[in-house]
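Here are a few notes to read alongside the model. Have the structure open while you go through them.

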Amino acid sequence: MPIEYIQVGETDSEEEGEEETEEEGEGDEETQEEEEEETEGEESEEELLEVEEYIPVRQSPRVLGGAGEERRVGKGGGEEKCFSSGTDCGEGSQGKERNHGEIDGLFCAICMEAAWTSSGDHHVCCLPCGHIYGLSCIERWLQKNSSSRKCPQCNKKFTLKDIRKLFALQLVAMDGEVQMSASWSKKEAEWKERETQWKKREDELQIEVKQLTKRAKYLEHLLGDVQSATLGEVTANRNRDCEGHSLGSNFGSEFSSVCFVPMKELQVDGARLFDVDASSHTLLVTRRLPGLGGTSFLSRVNLLSPYEREDIFLPPGTKAIRDLRISPFNSSLALYASMGKKLAVLSKQSNNVVLAYDLPAAAWSCSWDINNSHHIYAGLQNGSLLAFDMRQTAMPMESMNGLTSNVIHTICSLNNTTLPLGSGAIISASSAGLCHWSFGGAKERPFLVPETENQGVCISLAYNQSSNDIIASYRPKIDFPNGMAISQPVLTPNIGQGVQGSHVHFKRLGSNFYQKLGSAFANVNDIRLSRSTIINIQNKTFFASGDEVTVELILQELPSFTVVQRLKSPKLPIHDVKYTDALGQGLLGCLSEDILQLFSLKL
């Protein structure tokens, strides 16, 4: 494999001298830093980025290590690991840090929105401490913090001339253990697993052949009955209502009478998530204006014409909102989780935050307890799950560490009809799969739902509380020649393309037992977390999700995953999908890039 290089300026030798000076005493270090600050303004940015020396990427102490981790050469010639948690490197910190989730490190730690690029204003670059940022972000950070000039993550001082561009097509953190050759027994097990997967795929194909045969017979039956006036009238009326929005809607379950027709298309710039308040006929949408440090705010949209809109501004400094839920008990309250380590409750009557909790890590997901109006939950970036009682504002009611340190990107409260009073159950999704959590009762460790951990990288979770149906969506992992499988894509401009993944259907039976009912192939996003929804209509269950290749919202009947309807989306990606019984009828919402589509149910 060819060795990749990064550019290094003249100051590399000066930095080595600075590290030797640090060992001689703190006084000399302070003098040297003052001299660096005096000479900083005399050098232009173009001179600082000139190419003068090359070193291999894998041997660079600034590049070794993954997101949030750096490696340095120790005194004995070995490597020391240091994590960007604000603590120093040393034996005391080793073993206490856990691997970040498989999607960590894909975005700049300053803007949390722009992905790495190998050229342009947001060119990937690093500091002497090893932390990596987008070039435009770290330069703007240095301008705004000219007095301190410290790394945003570890507070180590740096100057403009210390910033180095990284010229590499791919950055991957490699462990010593990962670099070791896999044993023959492990290889044999991998081949057996692949063989099992192919056999399973063969069985699925046979089922699909049977379904296609059934559809062909059904079409033949329709041709035979075309003379029936009643049947002809029903078919003509339905096709006229759904014209241009339904493909194959009569395939699968014989004569599925479900059809969604366009109702309204709303322009909502910077929208990412939404939830529906059926009682007040309103939508609540999270928005963030483009650009570095864009302000996050909410917009309330009326579902009745003329679709009036009202912006709700959040407390200053509110970072990107990752999840939004309206209370099932009191529709005037909304819960949101933000990257600013906040879990907050918003009053829709006063448009103010009435309760906010400080969290130990960034919040990626949140949920109301559907069995207790006082309990709320937050899923964190470090893989832990926190439970709060809103009557206690000081600290969480319970805090549990996850089985892994992967980001908990989705959580759903489960029905507790079989659990003791006061107990709660949560199902969560991370890249590792689905996990079941129990709160309030006997102390139980969370456990992975069987048959969910080896499907690929879990990117979505949908749960229906009335039917206890669960759909987990997966995309494939990226396999490397040495046997390592990761979910992080390479640093290329083509980020966000569709890949073939899968939807897996589970049923919750009892308090903590789950049964797999089936699966289907799907076109999913190769990096973004998708959202989907499960719908119950006339004692039938349907699943709505986005197709990243055909740019459509697909409606499928469960458990067969038969396609009932395809609704065209104007843009990609599809950020959020929700269904509710509003306006006296079913309402399906699909939020794509800056456009919110509303579809009404026609039976």
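1. Is phenylalanine 260 buried or exposed? Phenylalanine 260 is buried, at 1% relative accessible area. Buried here means under 20% relative accessible area, exposed over 50%, and partly exposed in between, with a 1.4 Å probe and protein chains only.

2. Before going further, some ground rules. This is a predicted model, where local features need pLDDT of at least 70 and side-chain atom pairs count only at pLDDT 80 or more, while totals for chains, interfaces and linings use all residues. Residues are numbered from 1 along each chain as its sequence is written, and side-chain values use heavy atoms, leaving out hydrogens and water.

3. The whole structure holds four aromatic pairs. For a pair, ring centres of Phe, Tyr or Trp (its six-membered ring) lie within 6.5 Å; planes under 30 degrees apart are stacked, over 60 edge-to-face, the rest tilted. One of the pairs is phenylalanine 260 with tyrosine 579, edge-to-face at 6.1 Å centre to centre and 85 degrees between the planes. Phenylalanine 260 sits in strand β8 and tyrosine 579 in strand β35, so the pair ties together parts 319 residues apart in sequence. (Strands are DSSP E runs of at least two residues, numbered from the N terminus.) Tyrosine 579 also counts as buried, at 18% relative accessibility.

4. Now for charges over rings. The charged end of lysine 578 sits over the ring of phenylalanine 274, 5.5 Å from its centre. The cut-offs are NZ of Lys or CZ of Arg within 6 Å of the ring centre and within 35 degrees of the ring normal. Arginine 322 lies over the face of tryptophan 364, 4.4 Å from the ring centre.

Methods. Helix = DSSP H or I, 4+ residues; strand = E, 2+ residues; numbered from the N terminus.
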